[in-house]
Amino acid sequence: MSDQTTITTRKNKDSFSFGIILILLGSFFLLDRLDYINARDYFQYWPALIAISGLICVVRAKGVAEVLNGLMQIGIAAWLYAVTQKLYGLTFSNSWPLFVIAAGLSMVIKYFADKPNN
């Protein structure tokens, strides 16, 4: 498969994933506007959108780097949920180094995963 075909396929999959997220988000707000649900009761779960995106990345991954990208998104979503809910006393100001460590660890793992075997 050529690089151009791969890029086009990737864009189509990204558009599909983004479209699904928009449909879910729009349905959520429509149900709120129609008074079937109260959106304020569910706003604490907004990091789940990032986790779903990460899960989609993991499921459709073709390589280690793509799996790591998806897992990083899931980790970011978990961190965002923890700090917004103040789980374990975590806040943005006291836990941002965890994010920096995770990003660096992800880069190092990707380097070794993508390194060709000589």
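**Figure 1. Residue I76 lies in helix α3, which spans residues 64–85.** The model shown is predicted: local features require pLDDT of at least 70, side-chain atom pairs count only at pLDDT 80 or more, and totals for chains, interfaces and linings use all residues. Residues are numbered from 1 along each chain as its sequence is written, and side-chain values use heavy atoms, with hydrogens and water left out. Helices (H or I, at least four residues) and strands (E, at least two) are DSSP runs numbered from the N terminus. I76 has a relative accessible area of 22% and is therefore partly exposed, given that buried means under 20% relative accessible area, exposed over 50% and partly exposed in between (1.4 Å probe, protein chains only). The C-alpha atom of I76 is separated by 9.6 Å from that of A103, 27 residues apart along the chain.

**Figure 2. The protein chain contains four helices and zero strands.** From the N terminus on, the order of elements is α-α-α-α. Of the 118 residues in the protein chain, 17% count as buried. Among contacts in the protein chain with a separation of 6 or more, 46% come from residues 24 or more positions apart; a contact means heavy atoms within 4.5 Å.

**Figure 3. R33 and D32 form a salt bridge.** The closest N and O atoms of the two residues are 3.5 Å apart, where a salt bridge is defined as a side-chain nitrogen of Lys or Arg within 4 Å of a carboxyl oxygen of Asp or Glu. A search of the whole structure finds one salt bridge. R33 counts as exposed because its relative accessibility is 67%, whereas D32, at 14%, counts as buried.

**Figure 4. F28, F29, Y42 and F43 form one aromatic cluster.** Eight aromatic pairs are found in a search of the whole structure. Rings of Phe, Tyr and Trp (its six-membered ring) pair if their centres lie within 6.5 Å; planes under 30 degrees apart count as stacked, over 60 as edge-to-face and the rest as tilted. F28 and F29 form an edge-to-face pair, 5.3 Å centre to centre with 70 degrees between the planes. F28 and Y42 are also paired edge-to-face, at 6.1 Å centre to centre and 90 degrees between the planes. This second pair links distant parts of the chain, 14 residues apart: F28 belongs to helix α1 (residues 3–33), and Y42 to the loop between α1 and α2 (47–59). F29 counts as partly exposed at 36% relative accessibility, as does Y42 at 40%.

**Figure 5. The largest pocket holds about 260 Å³ of space.** Its lining comprises L24, L25, F28, Y42, F43, Y45, W46, A48, L49 and I52. Helices α1 and α2 each supply at least two of the lining residues. The lining divides into 10 nonpolar, no polar and no charged residues, with Ala, Val, Leu, Ile, Met, Phe, Trp, Tyr, Cys and Pro counted as nonpolar, Asp, Glu, Lys and Arg as charged, and the others, Gly among them, as polar. On a 1 Å grid over the protein atoms alone, a pocket is an open set of points where a 1.4 Å probe fits, with protein on both sides within 12 Å along at least five of seven lines; lining residues have an atom within 4 Å of a point. Grid points are joined across faces, edges and corners, and a volume is the space filled by probe spheres set on the points.

**Figure 6. D35 has a positive phi of about 60 degrees although it is not a glycine.** D35 is found in the loop between α1 and α2 and counts as exposed at 67% relative accessibility.
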